[in-house]
Every structure is written in C-alpha cells, then in structure tokens.
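Good morning, and thank you for coming.

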Amino acid sequence: MGKGDDDLNDYASPACLLHEVDPAYSGLTPPSRNVGQNLPEPSLMEWRRSERARMIAARLAMSARTRNALARRIAGHLDALIGDPAGVLVSGYWPFRGEPDLRDWFRDLRERRGLAALPVVVERGKPLLFRLWRKGEKLERGVWNIPVPAAGDPVFPRIVIAPLVGFDAQGYRLGYGGGFFDRTLAALPSSTIAVGIGYEMAEMPTIRPHGFDIPMHHIVTENGIRSHGGKRDREPPFDAGPISP
C-alpha cells in the first residue's frame with residue numbers, strides 16, 4: 001500500500017458505528033421504557049447486545065478469503081444500484097471486525113469520476129460531518145483511533161453507505177448502539193439516500209426498532225439489493241441539529 005489513504009493498516013468503522021455505546025453517551029435522550037415491541041428498555045438493550053455479539057462472531061468465523069469474495073459481490077450490486085458515479089458524492093466507511101471491505105470499490109469509484117467521503121466526529125451528541133476522501137489524501141487517527149481525512153471543508157454526500165451488524169425486512173439496520181448514524185441521517189437533507197451494507201447472514205426477523213431508528217432506503221448484501229424507500233413510521237425523538245464545522 002502507498003501513502004495517504006492507504007497507509008493506515010489498522011482500521012475501524014466510522015464513529016457512528018461504535019461498538020455497544022449507550023445512547024445516553026451520544027447525547028440522546030433515553031427512550032421511554034416501553035419501546036421496541038413493548039420490551040422494557042433494559043431488556044431491549046440486552047437483547048440487542050446479545051444479537052450484536054452473535055452476528056459479529058458469525059461473520060468473524062468466515063475466512064478472510066470468503067469475506068473478500070462476498071465483498072466483491074456486494075460491490076457489483078452497488079454498481080448496479082448507483083449506476084454511473086460521475087459527480088456523485090458517496091460516503092463510505094473503514095472496515096472493522098469482519099465488515100465487508102469496500103475500499104477497492106471506493107478507489108474504483110474515484111477512478112470513474114465519482115467522489116468519496118468519510119465521516120468525522122465533531123463532538124459527542126452532534127451529527128457527524130463528512131470530508132472528501134481523495135486519492136493520496138492524508139488521513140489521521142481521529143477520535144477512538146478512527147482514520148479520518150486530516151483536513152477539508154464539510155461536504156454533503158448524496159449517498160451514505162453504512163455497514164450493518166443486522167437488518168430486517170423493513171429496512172431497519174442494527175448498528176453498534178451509538179446513535180451517531182441515526183442522528184446524522186436526521187440532520188442530512190431528505191434527498192440523501194441511506195444504504196446499509198452487510199452479509200446475507202445478518203438478516204433478522206426484526207431488530208425491534210425503537211424511536212431512534214431510521215430505516216435504510218436500500219440494504220445491499222452479496223445476494224442483491226433490497227429497496228425499502230427509507231420511509232419513517234415516526235420522526236426521531238430528538239433534535240438532530242445541523243451538520244456544521
């Protein structure tokens with residue numbers, strides 16, 4: 001690997017996908033105790049914690065060769081979903097704990113005149129901002145040791161790609177519990193397209209969505225594209241605030 005965007009060998013997901021972070025740590029007001037199919041909050045959180053552990057263990061049990069093969073299939077479906085990427089700004093992620101590694105796909109996207117971005121933590125309880133992720137761009141280790149572009153003005157991606165731990169038929173994504181991603185989606189323009197990325201094995205009967213969860217417009221796995229429209233049954237119970245420097 002060369003310098004710049006390829007020289008950080010230890011990598012992690014965006015901060016919106018922090019592992020098992022309590023929503024209160026993210027600055028979110030805790031939901032009522034009767035959410036998620038009427039489960040008390042502690043029961044819902046424990047259930048999600050258990051499901052995350054199970055899903056992550058399952059994908060880590062796959063060989064790196066298998067994960068890479070599945071990631072290539074996912075990349076092909078992303079091409080079909082996005083079409084010609086010229087001039088389209090797509091935010092990505094840095095792979096972590098067996099997530100599909102799409103870094104080669106993002107390099108190809110840039111070669112086809114598409115634009116890539118990575119999320120950056122501003123502060124706790126605030127939406128993420130995005131900076132351009134260009135070839136040779138200097139990356140630095142940001143909050144929680146996550147590689148981020150070292151400088152640049154905020155940009156607004158047309159498409160936001162987020163890895164998932166689990167997903168259900170309604171398009172809800174089980175993440176790592178931090179709440180950053182949902183807060184960010186709520187702050188972005190309504191025209192922003194949210195795409196969840198994961199393996200087919202991550203499908204669940206339900207993630208037991210609560211008031212913070214925002215469904216994806218599309219879920220992409222190695223088996224294809226599932227489109228949901230990203231419609232919300234209800235608005236998130238927090239004021240996301242604007243995305244700003």
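**A cavity and its surroundings**

The second largest cavity has a lining made up of Met55, Arg59, Leu164, Val165, Gly198, Tyr199, Met201 and Ala202. A cavity here is a set of points, on a 1 Å grid over the protein atoms alone, where a 1.4 Å probe fits but cannot get out, and lining residues have an atom within 4 Å of a point.

This is a predicted model, in which local features need pLDDT of at least 70, side-chain atom pairs count only at pLDDT 80 or more, and totals for chains, interfaces and linings use all residues. Residues are numbered from 1 along each chain as its sequence is written, and side-chain values use heavy atoms, with hydrogens and water left out.

What is the volume of the second largest cavity? It is about 50 Å³, taken as the space filled by probe spheres set on the points, with grid points joined across faces, edges and corners. Its lining comprises six nonpolar, one polar and one charged residues; Ala, Val, Leu, Ile, Met, Phe, Trp, Tyr, Cys and Pro count as nonpolar, Asp, Glu, Lys and Arg as charged, and the others, Gly among them, as polar. By this rule there are three cavities of 30 Å³ or more.

Let me turn to the chain as a whole. It has four helices and eleven strands, which are DSSP runs numbered from the N terminus (helices H or I, at least four residues; strands E, at least two). Of its 245 residues, 53% are buried, that is, under 20% relative accessible area with a 1.4 Å probe, protein chains only.

Next, the nonpolar cores, which are sets of buried Ala, Val, Leu, Ile, Met, Phe, Trp, Tyr and Cys residues joined through side-chain atoms within 4.5 Å. The largest has 24 residues, and among those touching the most other members are Leu78, Trp105 and Phe106. Helix 2 (64–82) is one of the elements that supply at least two residues of this core, and its share of five residues is the largest. Leaving aside residues up to four places away in sequence, Phe106 touches Val90, Ser91, Gly92, Ala116, Trp133 and Ile161. A separate second core of 16 residues includes Val160, Phe167, Met216 and Ile219.

Finally, two single residues. Arginine 110 belongs to helix 3 and is buried, because its relative accessible area is 17%. Proline 147 lies in strand 5 (residues 147–149) and is also buried, with a relative accessible area of 3%.

Methods: Buried means under 20% relative accessible area, exposed over 50%, partly exposed in between (1.4 Å probe, protein chains only). Contact means heavy atoms within 4.5 Å. On a 1 Å grid over the protein atoms alone, a cavity is a set of points where a 1.4 Å probe fits but cannot get out, and a pocket is an open set with protein on both sides within 12 Å along at least five of seven lines; lining residues have an atom within 4 Å of a point.
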